[in-house]
Amino acid sequence: MWNNWRTNWKTLKTKLTLITVLIGLFCTLTGFSNANIQDTSHVLNHATKALITAKNNRYWQTGEQPQIVVRTLNRIDSLTPKNLAKSKRTVFIIVGTKGKKRNVQIFSSKDLHAAFTADTRGNIIRSQSDQLRSNSKTEFNKGLRFVFRACATTIDQQYQYSFDKYDLTNDERSQIAHPHRLALPIALALVIVVAGLYYFFRHNLQPKNRIQK
């Protein structure tokens with residue numbers, strides 16, 4: 001009888017363990033329960049959630065265990081995470097939504113401030129400004145995934161992790177490294193306009209001054 005009880009207990013224990021593993025696997029694969037994803041505004045699509053889950057799962061296998069949290073809120077201001085000051089090795093990508101307006105901001109814990117400077121965060125957001133302003137959910141998520149991958153690439157550089165398929169390519173990184181390239185044509189146009197005005201006033205005002213003399 002004792003042997004039968006022990007056998008039944010082992011069988012039940014094995015079944016319970018298997019069920020627990022299956023539930024955990026289901027939650028991981030579907031994003032049903034994920035502390036790194038809080039989609040209050042329901043703007044994240046499946047591809048974006050899968051990327052967030054996959055990259056953070058890789059981070060859990062490292063010694064430092066950094067994480068990138070993506071949250072969507074039903075407001076476009078006051079987006080600073082309440083737990084930011086107490087967080088460690090964490091980057092927050094916060095999406096504020098109100099009607100058709102969206103505001104995407106990046107925050108980092110203190111130990112990552114050196115990697116995520118104001119310029120770095122601003123350059124990442126500006127590089128995807130068109131997509132992040134789009135009313136198309138597909139286009140918006142495309143831009144948001146780029147922002148996530150840019151943050152992941154910055155973390156991987158900070159901790160000297162090997163780049164993987166979720167990181168930005170060299171060409172994509174150049175979009176962030178040189179955010180002011182688009183301003184060059186505007187600057188050249190301004191120089192041409194100023195030079196033209198200078199030439200016009202110089203050659204049209206001088207004769208009038210001489211006649212008055």
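Trainee: What is the handedness of the crossing of α3 and α5?
Mentor: The crossing of α3 and α5 is right-handed. A crossing is right-handed if the near helix is turned clockwise from the far one by less than a right angle, and left-handed if anticlockwise. This is a predicted model, in which local features need pLDDT of at least 70, side-chain atom pairs count only at pLDDT 80 or more, and totals for chains, interfaces and linings use all residues. Residues are numbered from 1 along each chain as its sequence is written, and side-chain values use heavy atoms, with hydrogens and water left out.

Trainee: At what angle do helix α3 and helix α5 pack?
Mentor: Helix α3 (residues 118-127) and helix α5 (residues 137-158) pack at about 150°, and their axes are 9 Å apart. That angle makes α3 roughly antiparallel to α5. Angles over 145 degrees count as roughly antiparallel, under 35 as roughly parallel, 65 to 115 as roughly perpendicular and the rest as oblique.

Trainee: Which residues make the contact?
Mentor: From α3 come Ile124, Ile125 and Ser127, and from α5 Phe146, Val147, Ala150 and Thr154. Contact means heavy atoms within 4.5 Å. By class, the contact of α3 with α5 has 5 nonpolar, 2 polar and no charged residues.

Trainee: What is the order of the strands in the open sheet?
Mentor: The order of the 4 strands is β1-β2-β3-β4, and the pairing is mixed. Two strands pair if DSSP finds at least two bridges between them.

Trainee: Why is one side of β1 and of β4 left without a neighbour in the sheet?
Mentor: β1 (37-39) and β4 (101-108) stand at the edges and each has a single partner strand, so one side of each has no neighbour in the sheet.

Trainee: How many bridges join β3 to β4?
Mentor: Strand β3 (residues 90-98) is joined to β4 by 8 bridges, and the two run antiparallel. Threonine 97 has arginine 102 of β4 as its bridge partner, and isoleucine 93 stands opposite isoleucine 106 in β4. In the hairpin of β3 and β4, with 2 residues between the strands, glycine 99 takes a positive phi near 65°.

Trainee: Which strands does α5 lie across?
Mentor: α5 lies across β2 (67-73), β3 and β4, and runs at about 160° to β3.

Definitions and conventions
Axes are lines fitted to C-alpha atoms, for helices over the stretch in contact, and angles run from 0 to 180 degrees between N-to-C directions. Ala, Val, Leu, Ile, Met, Phe, Trp, Tyr, Cys and Pro count as nonpolar, Asp, Glu, Lys and Arg as charged, and the others, Gly among them, as polar.
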